[in-house]
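Hi,

Here is the structure I promised to pass on. Have a look at it first, and then read on for what turned up.

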Amino acid sequence: MRSIVDITDLSKEEIQELIDTALDMIEHPAKYARACEGKKLATLFFEPSTRTRMSFEAAMYELGGHVLTMSDPATSSVSKGETVGDTVRVVSNYADIIAMRHPKEGAAYAAIRKSTVPVINAGDGGHCHPTQTTADLLTIYREKGRFDGLTVGMCGDLKNGRTVHSLVNALARYDNVKFVFISPEELRMPRYVIENALASGNAVCEEVSSLEDNIGKLDILYMTRIQRERFDSPEEYERLKDSYVLDARKMALAKPDCRVLHPLPRVNEISVEVDDDPRAVYFEQTRNGKYMRMALMLKLLEEARKDPAKWETHSPAAAKDLKCRNPRCICAFENGIEHVFTEDPKNPGHFLCAYCETPAE
Amino acid sequence: MRSIVDITDLSKEEIQELIDTALDMIEHPAKYARACEGKKLATLFFEPSTRTRMSFEAAMYELGGHVLTMSDPATSSVSKGETVGDTVRVVSNYADIIAMRHPKEGAAYAAIRKSTVPVINAGDGGHCHPTQTTADLLTIYREKGRFDGLTVGMCGDLKNGRTVHSLVNALARYDNVKFVFISPEELRMPRYVIENALASGNAVCEEVSSLEDNIGKLDILYMTRIQRERFDSPEEYERLKDSYVLDARKMALAKPDCRVLHPLPRVNEISVEVDDDPRAVYFEQTRNGKYMRMALMLKLLEEARKDPAKWETHSPAAAKDLKCRNPRCICAFENGIEHVFTEDPKNPGHFLCAYCETPAE
Amino acid sequence: MRSIVDITDLSKEEIQELIDTALDMIEHPAKYARACEGKKLATLFFEPSTRTRMSFEAAMYELGGHVLTMSDPATSSVSKGETVGDTVRVVSNYADIIAMRHPKEGAAYAAIRKSTVPVINAGDGGHCHPTQTTADLLTIYREKGRFDGLTVGMCGDLKNGRTVHSLVNALARYDNVKFVFISPEELRMPRYVIENALASGNAVCEEVSSLEDNIGKLDILYMTRIQRERFDSPEEYERLKDSYVLDARKMALAKPDCRVLHPLPRVNEISVEVDDDPRAVYFEQTRNGKYMRMALMLKLLEEARKDPAKWETHSPAAAKDLKCRNPRCICAFENGIEHVFTEDPKNPGHFLCAYCETPAE
């Protein structure tokens, strides 16, 4: 049995396998219409995300299964002080697979440690949101037929955007990907994301501040939202905001086969006039997300059928006296949770919190 | 592909077709038990309405389909500033048909403009709520076998009741319908509703203030709630309220074959003692609503199958500089929404907001 | 047609029948996978209880049926002042069976009086919660193979715990059950519960204060939560709380075949370290709850099929001028509800509120 916390839990080969399954589902939906007959998905959403929840639920219905929904944190046993681990262990008795969203980093791992059915992380705070990345990947693949050799621009708030970090990690595994990171100074892509990408040996990274000057060279433009409150000053926001809004004028500068993605919801960072441009594929991207969730659930249920044993996660590190100090980690939120650490593969002798992957002090 | 904003989007012939289908469903439920197999209804409720939502969901289940639910506005992407158009365009990727409730007038049209699947308006503010009217119509038809020649009383708050306005519009298309509007002075049926009814050339309208004096001549009595806050003064409310409460004593004055309808929920405008009167059909009315929703969904899905092209709604009016000034319209609520106008069919040269149908200034 | 308010609505023989069905379901799930095809369960939760709701919903899906959910009181017509009776009468038109949770005592009976489909009480305030007890009973039966002759400890807040009261009532019907009630002085089992148990003539009751001194003789240990606010003073709580926490050290004193149950959610009254003890069966207990709910729904739907007539509940008592004075009763909450009384079977000539079973003054 296997669960998914992060996009990197899936190998390059597994991503391709999911894409191939998704493409087959798009081509032959009837073939899959009873693939999960009698199976139940539980969507455990400890914070609201209608779009992601509905995508998972539509995916399970298109596979012929059932859905159990918990969409409102206030109505859950959490309000009575129950741990994520207990909730998930109970829900394991009701459902065959769980998609979980939680506001705390590392909550997905806390769930997986106790679950007796596969768990898919549908977002754990600012930590990971792997199925968004699978949607992005299928969209790029359907539009371009490949990942190798693409020039991928990412624009907006690159500092706080979990989505773009995850997509960089996923794409850096392919050959000759050129990243163009387009953002204001204060919202640049974090150093460690760039270093990870470069460490793969396949990628080139460029950091720029102008969308207008760089849009012309992109195969893919991944837009994200810039929030006013992320800026150092309101004046700075007012001065810069329009230069990161994608409109028809800027689209005129883009290549004829450029494709525009956005994780949605958008507010005003893409003008409505762009929606009808055939290069805008952000609505199609949500449809692709549904198919990748179908492929992923099918794969995990199949693996669980072959090997129903509980997923053995990381072995606890020897260093018993370590504590996670990340205030946004589930460890800081739940009394009595067992602090677990794993050795940092990139930094032997150093340890990471097994939940949120923050280095131990 | 077609969507439904208002009851008048359905012709008299189509209403009869829906009634005939509903009657067949009541008679032969098994025939329809797989009619929507593999189809998904999304109930997008931007404001709560458990009754209406459950009715749609039960209807889809009785047709063998699936349901995706968004029942809480606070958990939606709306709280992140997303437009109705974007939400619906995304949900079009998850569902085959959408039933939408929204607190703003014109929101249904905003949804329909962007949706790639049929949308049924399940209430857009004080504007329209067509499936309630289909429930009313099936109830009258099942009880009376006809619409022509009926004397239909409507009692209570006729000024603010979207339900009664819509029912008047629907019934005025039949022959020799006599309306008796029973209300206090300050809550009379709006002038334009009466004029519309009279304009049909088939209807007669009478405005009265006493339920007791008029109940004896009614074939149908449609009760609605009177809210204290609608009155000019609390004294006026106290003085009048009991005369608009239907109780056993007043029922004794009604004809033996009179039928009492109410859109529900009722508070105290109908005494509980009336529930057991065989002439009270308001609970049966909710069951009828389910069957009409089944018939309507089946019809729209069938039309969408035959003609999957996006619904081409009104062509934008020439007058590009018009703005809708209705503060309750979705146009006043969403930034960047395109203001669209159509020429008023009853008033050539004048324009109506395509969303909320308020005349342009 | 029959509905279930309390565990004692089911005879000893019927409990055994449900257990036998549940065991068969566990053994042969495929046999039941379409048993409720085309049937709809409505989960009407006027207060949140994700665990119980999901258990009912999973149960209906495993029987091949559909589910209509109302999980948030704020989104219901209740907020518009509708009575439970009206809500349930409407929902009877949408669903084939109803599971209802409500914060007011007696609300289940208020629902059953108006429903035209079977209603299962999923908790009405502090009054009854029969399906929790069916989960407890199946767990004991699966672990022990019998109810007769068991020594059953109940530990924690026995005064306020609806769950333990109900389990005592259910077990007292078997032979030679020995109850050991383990609680602090201020949270002792109510006198009337003990008297009921003794009145059966089969049971022995012992009241003690130490878990540690008594755990060694138990076949079953039923743990419940102790809330700080239930104590007379914070000092008393601090002094006593640890003695009612079950940990590995106390488990070392328990018999090798003792079994630990808990209605969940637990906060810290059972240490996480106990979870891996093979004698801890509280997570398995939630799975058993699902099977008993399946068995119960199947039974009630089958009875309704054979006898669809509305359930004739208690005949109203002659004493027309009685009023229920329980402030937590649904009678105190709903305007215009009919106060109904039944003669107390244990106290002829005295009357009980038919809703909450509080004696009339």
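Why do the copies meet through different surfaces? Only 5% of the interface residues of chain A are also interface residues in chain B, so different surfaces are what the copies use to meet. Contact here means that the C-beta atoms of two residues, placed from the backbone, lie within 7 Å.

Before the rest, some housekeeping. This is a predicted model, in which local features need pLDDT of at least 70 and side-chain atom pairs count only at pLDDT 80 or more, while totals for chains, interfaces and linings use all residues. Residues are numbered from 1 along each chain as its sequence is written, and chains are lettered from A and ligands numbered from 1 in the order in which they are written.

**How the chains relate**

**The interfaces**

Chain A puts 21 residues into its contact with chain B, and chain B puts in 21 residues. On the chain A side, the elements giving two or more residues are helix H2 (50–62) and helix H11 (282–306). H2(A) gives the most, with seven residues. (Helices, H or I with at least four residues, and strands, E with at least two, are DSSP runs numbered from the N terminus.) By class, that side of chain A has ten nonpolar, five polar and six charged residues. Nonpolar covers Ala, Val, Leu, Ile, Met, Phe, Trp, Tyr, Cys and Pro; charged covers Asp, Glu, Lys and Arg; the others, Gly among them, are polar.

The contact between chains B and C takes 21 residues from chain B and 21 residues from chain C. On the chain B side, helix H3 (50–62) and helix H12 (282–306) are the elements that give two or more residues.

**Inside chain A**

Chain A is divided into domain 1 (7–129 + 287–306), domain 2 (131–282) and domain 3 (314–361), with bounds that come from an automatic or database domain assignment. The C-alpha centres of domain 2 and domain 3 of chain A lie 32 Å apart.

Chain A also has an open sheet of four strands in the order E2-E1-E3-E4, with parallel pairing. (Two strands pair if DSSP finds at least two bridges between them.) At its edges are strand E2 (66–70) and strand E4 (119–124) of chain A, each pairing on one side only. From one strand to the next, the twist averages 15°. Strand E1 (residues 40–45) and strand E3 (residues 97–102) of chain A run parallel and are joined by five bridges, and Leu41(A) stands opposite Ile97(A) in E3(A).

Two helices pack on this sheet. H2(A) touches E1, E2, E3 and E4 of chain A, and its direction makes about 175° with that of E1(A). H11(A) touches E1, E3 and E4 of chain A, at about 125° to the direction of E3(A). (Axes are lines fitted to C-alpha atoms, for helices over the stretch in contact, and angles run from 0 to 180 degrees between N-to-C directions.)

**Inside chain C**

Helix H5 (residues 107–114) of chain C is mostly covered, with eight of its eight residues buried. Among them are Tyr109(C), Ile112(C), Arg113(C) and Lys114(C). Buried means 20 or more other C-beta atoms within 10 Å of a residue's own, exposed means 12 or fewer, and partly exposed is in between, with C-beta atoms placed from the backbone. The cover over H5(C) includes helix H4 (84–91), strand E3 (97–102) and strand E4 (119–124) of chain C.

E4(C) is mostly covered too, with six of its six residues buried. E3(C) and E4(C) pair in the parallel sense over four bridges, and Val119(C) in E4(C) is the bridge partner of Ile98(C).

**One residue in chain B**

Pro190(B) is in the loop between strand E6 (178–182) and helix H8 (191–199) of chain B. Pro190(B) counts as partly exposed because it has 14 C-beta neighbours inside 10 Å. The C-alpha atoms of Pro190(B) and Leu158(B) are separated by 7.6 Å, although the two are 32 residues apart along the chain.

Cheers
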